[in-house]
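Here are my comments on the model, point by point. Please read them with the structure open.

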Amino acid sequence: MHPVSSTCEGAEEGLAANVDQSRAKAIEFLKTSQMKDGSWTTPRTSGITALVVYALIDAGVPVTDPVVAKGLQRIAGYAQPTGEIAAPGSPHASYETSVSVMALVAGNAEGQFTEIIKKAEQYLRGAQYSEANNTDKADIAYGGAGYKAGGGKPDLSNTVFFLDALKATGATEQDPAVQKALVFLSRCQNLESEHNTTPQAAKINDGGFYYNPNGPGVSPAGQSDEGGLRSYGSMTYAGFKSMLYAGLKADDPRVKAALDWISKNYTLEENPGLGAGGLYYYYYLFAKAMEANGVNEFTDAKGAKHNWRNELALQLIALQKANGNWLNDRSSRWMEGDPNLATAYALVALNRCVGRK
C-alpha cells in the first residue's frame, strides 16, 4: 500500500505535490462514481469493481472508508461455492476471480475474507492448465491461465493476473504453480531457446512478448511477412514482470532479451506496437514491471537515461481529465472508454510514481 501523501524519488520541484493532487482527484472521482450496490460500471461482473477497489486501497484509502468497505462487500458477494468470485455462468470467471483476490487480500485487514480467498485460490490453481486437468508439459497451453476454467485457451494477460493473485496470497517463486506458469510465459516470448521451441519462436526473435502462442497464435500487433507474431508493449512488460516474479535473474537470457526489447521501444506516448490500443493497461503494466525491476533510472538503447517514475507521473497528470478521471479517448478497445476502468489502471500506475517511506 502506498501512502496518499508521499514524494517522488528524484522528482523535479513541484512534481511530488502535483502527483498527490492528481491521486486525490482520481480517488474522489472513483468515490463518486460507485453505484448504489457497491459496484462500479456494472453489477454483472466483479472485474472492474475489483480493480477499482484494489486501486483505491493501493493508493492508501483505508479499508474502513465507506466506499472501499462497500466495494469489498460487493466483491465478496460474488463468491460462489466453487471458489469463483464472479457472477454465476460468467465467461470470464478466472480473470474476475484473480482480480477479486487481489482486492480482497488488500482489504483483508480483519481476516473477514480469508475463507473466500482460500477457496478462490484453490479454484485458480485448479483452473491452471497442468497435469491436474490432463495438460501435458509438451502442450503449448501448459502453465497458462485463461478467462475461465476449461473454457477457451490460456493467454498471457490472464496468466499475469493469475500470478498476481497467487503472489497476493503469499505464493513464492518456488511455488509449483508459479514455475508451471513460467513455462507458459517463456512460450509467449519471441525468443528461440531451450525454453521455447514453438513454431513461432524464431520467426521474429526480438525478445518481446505477445498474447497467445496456442495453435497459430494471436497477437493484436499482427504478423510479420514470415507469419511471426509481433511483440508489443503491454504484453512485453507483463511477461518481463512475471518472469521476475517467478525468480528469473538479470543474467537469464529471457530477462536480457525482454530488457533489450524494452530498451529499444521505451516510450510513454503509446503502447508500442498497438498505438493507443490498451494504453492505460500498458501504463499499469509498465509501472509494475519497472518497480519489479528495482531501478529508478532506466537507460534506453540510445543511451538516454529516464527517471521512469517522473516521466510516467508527468504523462498521467497531463492526460487526466478535469473531473479527476482518465479514459482512452483515442481508442475504446478493451473497454478503456470506461472511465472507471481506465482510472483504476492509471491510479495503480501513478501510485508507483511516489517514493517509498
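1. A term before the helix pairs. A crossing counts as left-handed if the near helix is turned anticlockwise from the far one by less than a right angle, and as right-handed if clockwise.

2. Confidence. This is a predicted model. The protein chain averages a pLDDT of 93, and 95% of the residues score at least 70. Residues 1-11 stay under 50. The model still has 49 contacts for residues 1-11 beyond four places in sequence. Where pLDDT is low, the predicted coordinates should not be read in detail.

3. Helix 1 against helix 12. Helix 1 spans residues 15-32 and helix 12 spans residues 308-319. Their axes come within 10 Å and cross at roughly 50°. That angle makes helix 1 oblique to helix 12. The crossing of helix 1 with helix 12 is left-handed.

4. Residues at that contact. Helix 1 contributes Leu15, Asn18, Val19 and Ser22.

5. Helix 11 against helix 13.

6. Residues at the second contact. Helix 11 brings Tyr280, Tyr281, Tyr283, Tyr284, Ala287 and Lys288. Helix 13 brings Ala342, Tyr345, Ala346, Val348 and Ala349. The contact of helix 11 with helix 13 divides into 10 nonpolar residues, no polar and 1 charged.

Technical notes
Residues are numbered from 1 along each chain as its sequence is written. This is a predicted model: local features need pLDDT of at least 70, side-chain atom pairs count only at pLDDT 80 or more; totals for chains, interfaces and linings use all residues. Side-chain values use heavy atoms; hydrogens and water are left out. pLDDT is the predictor's confidence in each residue, from 0 to 100. Contact means heavy atoms within 4.5 Å. Axes are lines fitted to C-alpha atoms, for helices over the stretch in contact, and angles run from 0 to 180 degrees between N-to-C directions. Helices (H or I, at least four residues) and strands (E, at least two) are DSSP runs, numbered from the N terminus. Angles under 35 degrees count as roughly parallel, over 145 as roughly antiparallel, 65 to 115 as roughly perpendicular and the rest as oblique. Ala, Val, Leu, Ile, Met, Phe, Trp, Tyr, Cys and Pro count as nonpolar, Asp, Glu, Lys and Arg as charged, and the others, Gly among them, as polar.
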